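My entries follow in the order in which I made them.

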Amino acid sequence: MGEVDAAFIQATEHRPKLAVVEADGIPLIDLSILNSPDSPEPNTTVVRPLITEIGEACKNWGFFQVINHGVPFKRRKSLEIAARKFFALWKEEKEKVRRDEVNPLGYYDTEHTKNVRDWKEVFDFTIQNPTLLPASLEPDDKEVRECINQWPENPPELREECEHYAEEVQKLAYKLLELISLSLDLPANRLSGFFKDQTSFIRLNHYPPCPVPHLALGVGRHKDAGALTILAQDDVGGLEVKRKTDGEWIRVKPTHDAYIINVGDIIQVWSNDRYESVEHRAAVNCKKDRISIPFFFNPAHYTNVKPLEELTDDQNLAKYKPYNWGKFFATRKRSNFQKLNVENIQISHFRLLEKSV
Ligand SMILES: O=C(O)CCC(=O)C(=O)O
Ligand SMILES: [Fe+2]
């Protein structure tokens, strides 16, 4: 195994297969109707087939890709170029904006997913600056802390590229949220209020070539904890999604200018399991670098996450007890930050009823 640190090595059952399944990929959905010149309101009959398509994709896969989404390609491309320049800097330079126990934003290269180290380096920034998060993990401590973005000196354009991109991708996030609300038979604006003081963030992921791609992962298997993720991946590919029907890991083939959308844990809880957050991971390869850029659409820290009243009744009891998003998020972040001897916090810890199989 040569030089590779044992911390990166996945247990046998979690190692990626090198022959990947690309057949029967996740649904590809065309959003052009939303961006037509007379841009119809989301709750009209012309948009109905799209809402149905999104509802089916959320239910059957928890994942889908969108094209003609309205985010200008040049915004995404120029951010990717700036990100590559940043990751190409000397480590000492990147370390100047390193995240720490106090500020969870900036650069780091030692993230662990389920206690195994990821083969990647990342740069995180929030959409709202500052973003308010709980000051401690103590359930009763109401104190909050302002988290401030750390911007590197180089490349000088990184900050502007990040901010411009965030503005555009955020518009897409709100559109998708409306469509998902409608697909659950809720009013279009039912979920948007939770995002007033959003804790959303964007991550620039860089996966360097890896000498042991059969033993390590760029990101180990996990589910996204927030509401919705909007991921841009470059043309290298590596994202794998666990297919709900048979548990097979399916590689998501890069599609030019598409975004990959997935339902996170919060939508799973809000929808009382009508839509489920699905496990995914990123494989690495020994030849090429890869960049991916997820936007994690997260509500305000004070959000009490629980099944929506409209989606529960005597026949369909709430399957989760309420939990505070800020505390959940902070707890998850801490366990990703360093290797701990405890299991990551999961929504299953708030489950009231056993999952039916
Ligand atoms: O890089 C990818 O394709 C996936 C990244 C991911 O799942 C994450 O950062 O949560
Ligand atoms: Fe993820």
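**Helix packing**

Helix 1 and helix 4 are roughly perpendicular to each other, a term that covers angles of 65 to 115 degrees. I note that this is a predicted model, in which local features need pLDDT of at least 70 and side-chain atom pairs count only at pLDDT 80 or more, while totals for chains, interfaces and linings use all residues. Residues are numbered from 1 along each chain as its sequence is written, and chains are lettered from A and ligands numbered from 1 in the order in which they are written.

I looked up the pair in detail: helix 1 (residues 48-60) and helix 4 (residues 158-183) pack at about 85°, with their axes 9 Å apart. The axes are lines fitted to C-alpha atoms over the stretch in contact, and angles run from 0 to 180 degrees between N-to-C directions; helices (H or I, at least four residues) and strands (E, at least two) are DSSP runs, numbered from the N terminus. Leu50, Ile51, Ile54, Gly55 and Cys58 of helix 1 meet Leu179, Ile180, Leu182 and Ser183 of helix 4, contact being C-beta atoms, placed from the backbone, within 7 Å. By class this contact has seven nonpolar, two polar and no charged residues, where Ala, Val, Leu, Ile, Met, Phe, Trp, Tyr, Cys and Pro count as nonpolar, Asp, Glu, Lys and Arg as charged, and the others, Gly among them, as polar.

**Ligand site**

I listed the shell of ligand 1, meaning residues whose C-beta atom, placed from the backbone, lies within 6 Å of it; among them are Arg203, Asn205, Asp224, Gln233, His280 and Ser292. Strand 9 (201-207), strand 11 (228-233), strand 15 (280-282) and strand 16 (290-297) each supply at least two residues of this shell, which has five nonpolar, five polar and two charged residues.

**Backbone**

I know that most residues other than glycine have a negative phi, and most peptide bonds are trans. Here, however, the bond from Asn129 to Pro130 is cis, with omega near 0°, and Pro130 lies in the loop between strand 6 (121-126) and strand 7 (131-134). The bond from Asn154 to Pro155 is also cis, with omega near -10°, and Pro155 is in the loop between strand 8 (144-147) and helix 4. Just after helix 4, Asp185 takes a positive phi of about 60°.

How values were computed:
Parallel < 35°, antiparallel > 145°, perpendicular 65-115°, else oblique. Contact = placed C-beta atoms within 7 Å.
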